[in-house]
Amino acid sequence: MWGREHPAGRPEGLRTRAGWCGFLILLPPIAALCGVPLSSQAPTYGVGRPPTPDELRALGSAIAPDGTGLPPGAGSVADGRLVFAAQCARCHGPGGEGDIGAKLVGGLGTLRSPKPLKTVGSFWPYATTLWDYVNRAMPFDKPGALTPSEVYAAAAFILNLNGIIGETDVMDARTLPAVRMPNRDGFVPDARPDTGVPSRAAPSAR
Amino acid sequence: MGHARSSRRHILRLGAAAGGGLLARGRGLAAEGPRSLGAPLGSYGERSPFEKAVRFTRPSKTPETGSSFTPIQDSLGTITPSALHYERHHGGIPTIDPAAHRLVVHGMVERPLSFSMADLRRLPTVTRTLVLECGGNSAGEWNAPGADVQRSYGMVSGSEWTGVPLALVLSEVGVKPGASWVIAEGGDACRMMRSIPLDKALQDSLLAYGQNGEAMRPAQGYPLRLINPGWEGNANVKWLQSLRLTAQPYMARDETSKYSDLMPDGRTRIFSFMMEAKSVITFPSGGQQLPGPGLYELTGLAWSGQGFIDRVEITLDGGRTWQQATLQEPRLPIALTRFRLPWRFDGHEAVIASRAVDETGYVQPTREALVAARGTNSIYHYNGIKFWRVGADGAVTHVGA
């Protein structure tokens, strides 16, 4: 729904438009006349330089729902129990029941109710988002402190608390994106305007 | 609650006191005798010590993740002073040295590039006056309309932003075919991340570094932020350090778990970026006190994420009849638009509200229409009509659900 599912590692420019890309390479003047895609524009101002490996490392990971960006490493539910107790329980409660930090468990089946409880388990559509968010933003007071394996472990523990994975499951770059979250199909595109358009608006009293 | 935060009220009080010769420190028009010199010149100006308008900061167990609200009841004109711009932070306000800051544009591009602030400042600039509204502004209205305008409608501000069109930077790096999203990440502690459709980035997104004639404030993203005109504040990523071109959105926490709209059927609208037309009367508004019957200028602010405000209609009788307010010109698209209407308060109770219509013909809905369409659990993107009750005694209160 939101775009191609597996972009990682694909030589996009060559494969997706192979049919006419070659033609453009052979006949650049015609390409110019036909409207040049952004990709073939030469840089105009010449500012900026290629990012250094250090800069790219410093940016850290960003994880796509198909798992693109997940680093090596692995964590079990048992590992995660220890990580959670040491790093997460202070704000989220020993069992993820919530305190200063958000409640992380429960809420399944409440989204249609008058008091919906939106947790990782009941609401989040992708397990990759859990890894990404824990990795980039947690622990709250020292984000970036966890190793990739500790993040996998914390994610495994939270998913297990919600009954989404088993006690013996291990999360890594292969298993995490394959986790099916309960609310995976619960998201729909923006449907506005759903008010305020003349045909549906309340009659004007002017 | 709702007491005396209004300098407007302060001025009314001063006006009432003027007849008694009580102007501050006896330095009124009638002062006699030798005059002492004023203060010397200064290098960076401060507002008058008599001006007291401040942001309201919502109490938070973790102050770094709080939100603060612009005192729009004290706002004059259409620009919000940078110091009073609303705030919403997810990991505190970082201190970033612009000389060390980089923006890395990478992913599905021909030439990944790292830009210094000096690089970006060499590029052609544009300046746009725009409204910026938090996606969660007025969230409380879904369940219980708020008592005063600052806390219920104050996560909105207007600024003049200066920066580089993102489209220009994207042409410098060369977007590869197949890329359709831009993943923007901030340099704050939590590395706030949002997925932005490439179409928007090519249409009118800005890489802004200037706000209201100077470098933007740290709380607004210094030294660099993304500006997506008309879109919810959170998508205007502050402290911008990474733009990653991809073929899919990254389903970040702040676009799935947050800033999404849960509907009564249990499904959730996602990527509902645009802020629909909205308006609110800022004077008279909840918590203010009119000194008595007489002629007043009713005023407020209107805006739309879709363009110009076409008109603002005012009711003085609880929604039975509506009349058009005067709009301050020049009107700018996707910008705060000031409306005004002379109004004689005759000492009888009046229930007042404003209703904005934008250039697309979209009419600001009632709270009831919004609740009918979305229930009361969607939190974000509330833009309902706000009613105030001016009592016979001149006290202004909110109208509850």
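Of the 206 residues of chain A, 34% count as buried, where a residue is buried if 20 or more other C-beta atoms, placed from the backbone, lie within 10 Å of its own, exposed if 12 or fewer do, and partly exposed in between. The model is predicted, so local features need pLDDT of at least 70 and side-chain atom pairs count only at pLDDT 80 or more, whereas totals for chains, interfaces and linings use all residues. Residues are numbered from 1 along each chain as its sequence is written, while chains are lettered from A and ligands numbered from 1 in the order in which they are written.

**Chain A**

Chain A has eight helices and three strands; helices (H or I, at least four residues) and strands (E, at least two) are DSSP runs, numbered from the N terminus. Read along the sequence, these elements follow the pattern α-α-α-α-β-α-α-α-α-β-β. Among contacts in chain A between residues at least 6 apart in sequence, 58% join residues at least 24 apart, and two residues are in contact if their C-beta atoms, placed from the backbone, lie within 7 Å.

Helix H5 (residues 77-87) and helix H8 (residues 148-161) of chain A have axes that come within 7 Å and cross at roughly 100 degrees. Such axes are lines fitted to C-alpha atoms, for helices over the stretch in contact, and angles run from 0 to 180 degrees between N-to-C directions. The residues of the contact of H5(A) with H8(A) divide into seven nonpolar, two polar and three charged; here Ala, Val, Leu, Ile, Met, Phe, Trp, Tyr, Cys and Pro count as nonpolar, Asp, Glu, Lys and Arg as charged, and the others, Gly among them, as polar.

**Where the chains meet**

The contact between the chains takes 61 residues from chain A and 71 residues from chain B. On the side of chain A that touches chain B, helix H7 (127-137) is one of the elements that supply at least two residues each, and H7(A) gives the most, with five residues. The residues of that side divide into 36 nonpolar, 12 polar and 13 charged. Strand E3(A) is joined to strand E15 (residues 268-270) of chain B by three bridges, and the two run parallel; in E15(B), B:Ile270 is the bridge partner of A:Pro189.

**Strands of chain B**

Strand E10 (residues 206-211) of chain B is mostly covered, with five of its six residues buried. The table lists its pairings, where two strands pair if DSSP finds at least two bridges between them.

| Partner of E10(B) | Bridges | Sense |
|---|---|---|
| E7(B), residues 156-165 | five bridges | antiparallel |
| E12(B), residues 225-227 | three bridges | antiparallel |
| E11(B), residues 214-215 | two bridges | antiparallel |

Within these pairings, B:Gln211 of E10(B) stands opposite B:Trp161 and has B:Glu214 as its bridge partner in E11(B). In the hairpin of E10(B) and E11(B), which has two residues between the strands, B:Asn212 takes a positive phi near 55 degrees.

Elsewhere in chain B, five strands form an open sheet in the order E19-E18-E22-E23-E24, with antiparallel pairing. Strand E19 (323-324) and strand E24 (396-398) stand at the edges, each with a single partner strand, so one side of each is left without a neighbour in the sheet.
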